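Biologist: I would like to learn how to read helix packing and ligand contacts in a model. Please take me through them in turn.

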Amino acid sequence: MINRFNNLTSKEWLPFQKSWFKFTDDETLYRQNIRFFIQFDDPEKEPNLLFWGSDEQLKTIKILQKELGFNLFVPENSKKADTFQFVLIDLRSFITGNRSFDNYMIIKNQTLELIYGLKNKILHRRFISIQISNIYNENVFFPFAWDLAKTISSFYSLKDEKTGCLNTGQVSEKSDYFKTSGNLFYGLYFRADEKSQYQANSFAYPFFENTCQIKADKVLFDDFPSWYILKPKPRKKTEILHPAKYPEDLAEMHIKAFTKEGENVFDPMSGTGSTQIAALMLNRNAYGTELSQFFCNIANERCKNLKSGNNKSSEYKILCQDARKIKPKNFPLIDYIITSPPYWDMLNMKGAENQAKRIKNGLQLNYSENMEDLGNTSDYNQFLSDLTNIYFNLILILKPGGYITIVVKNIKKKGNNYPFAWDLALRLQKKLILLPESFWLQDDISIAPYGYGNTFVSNTFHQYCLTFQKPVL
Ligand SMILES: C[S@@+](CC[C@H](N)C(=O)[O-])C[C@H]1O[C@@H](n2cnc3c(N)ncnc32)[C@H](O)[C@@H]1O
């Protein structure tokens, strides 16, 4: 197959497509990006690169310029170039410290001004990449990366996002409030193409509010990692029947961090009961709902078997019902919720990841045909509103100061990117306090060469674990 996009072989193309990577140094990061997004050896396209970053970072780019051979421009002399094949912006060193919010607003406007001004210069279907972190400072979390991505997506196509995981080891600091080690950043990818809409002109206001940490009862937390690789254990016969379960280990590490023995854990969309199994194993009480009678039976059966074995004191109750109809009178006050919703209607999409294998093994592809199943709602905004309402309703059964963790990922569908994780966080922030993100990284799925020779499409192997706190009024 002809590679019109860059001069990499399919073997060289693949590693860049994994949506997370262990960050080692700027030089490697920049080299990988430049090699992927610039078509070297193309006599028709002059390889012009625009870089914006700190002076130190610019030095690194100059080393690569010698090695790879491209024309380098910076914002100050960008007018001299007619076209750009690639724009690389590194904001990581610009937005730091105690004044990071004010800092961000200035840098955001400069970034928007710069790339908006490039709208007729970036070659068709070529990319802008922005490296940026979210910041948690003095118990205030502000997702700068998501905010910037959402803003820019109003005038360039948001194509993808990768996470750079810093291998700095675990910080073992204790904190009064929940925080993650924060050792990661985002690579945001935008494309200039037929879907780019350039009419936006006022971008100043932030999508995400600067949510103030309303002080809850202080709970001493061990520092929580911002990324971890979990390989699910082989699934048992009944668990394989479910198209999308998460590993019990994932639920366990969160339940350990957010609750003590004897406390109450809840999952409104229990599936095969992974949350409840993890809770019972840790001597917590386990509650929940599940729409599908079939999966609800599996979940209850698994809990029953576990209880008849080694777990005696804790209790469980999983009701077969629509999570929209949860009534506080049916459950005790809950200390912690951990859950994962359907990822919109992706299981109904033909050719979705993992479907061919399930068809071959005669397994069901979606959760149910039930129209109350959120996985059967095809309208994205409707799906988001329904889901948001389910979580808002759960606030009634959650104790003040209690936490809720939601496992989700951003979705790519028919060439468009739907930042489901960010959109959900944005909506839930209206009533809940958004806390720093952590990622469950998958490293046991082979990488597919999506878009080879044509455009960049990553394999999404990072799942967001979004955590919120119910304010104490
Ligand atoms: C991603 S799966 C959860 C998997 C679960 N965490 C596990 O490990 O088995 C989402 C679940 O939500 C359920 N579901 C979909 N719509 C629902 C609704 N309206 N009320 C309750 N459950 C629903 C589906 O049946 C499915 O089992």
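**Helix packing**

Modeller: Helix H2 (residues 26–37) packs against helix H3 (residues 55–68) at an angle of about 50°, and their axes are 10 Å apart. That makes H2 oblique to H3. This is a predicted model, in which local features need pLDDT of at least 70, side-chain atom pairs count only at pLDDT 80 or more, and totals for chains, interfaces and linings use all residues. Residues are numbered from 1 along each chain as its sequence is written, and side-chain values use heavy atoms, with hydrogens and water left out.

Biologist: What describes two packed helices?

Modeller: The angle between their axes and the distance between the axes. Axes are lines fitted to C-alpha atoms, for helices over the stretch in contact, with angles from 0 to 180 degrees between N-to-C directions. Helices are DSSP runs (H or I, at least four residues), numbered from the N terminus. Angles under 35 degrees count as roughly parallel, over 145 as roughly antiparallel, 65 to 115 as roughly perpendicular and the rest as oblique.

Biologist: Are H4 and H5 roughly parallel or roughly antiparallel?

Modeller: The axes of H4 (residues 100–117) and H5 (residues 144–152) cross at roughly 30° and come within 11 Å. That makes H4 roughly parallel to H5.

Biologist: Is the crossing of H11 and H12 left-handed or right-handed?

Modeller: A crossing is right-handed if the near helix is turned clockwise from the far one by less than a right angle, and left-handed if anticlockwise. The crossing of H11 and H12 is right-handed. H2 also passes H3 in a right-handed crossing, and so does H4 in passing H5.

Biologist: Turning to the ligand, which residues come nearest?

Modeller: A residue is near a molecule if one of its heavy atoms lies within 4 Å of it. Of the 23 residues around the ligand, His-242, Thr-272, Ser-274, Glu-290 and Ala-323 come nearest.

Biologist: Which polar side-chain atom lies 2.6 Å from an oxygen atom of the ligand?

Modeller: One of Glu-290. A polar contact is a pair of N or O atoms within 3.5 Å. A side-chain N or O atom of Thr-272 is 2.8 Å from a ligand oxygen atom, and a polar backbone atom of Leu-291 is 3.2 Å from a ligand nitrogen atom. The protein buries 99% of the 600 Å² that the ligand exposes when taken alone; accessible areas come from the Shrake-Rupley method with a 1.4 Å probe.

Technical notes:
Polar contact = N/O pair within 3.5 Å; in protein donor to acceptor, adjacent residues only side chain to side chain. Helix = DSSP H or I, 4+ residues; strand = E, 2+ residues; numbered from the N terminus.
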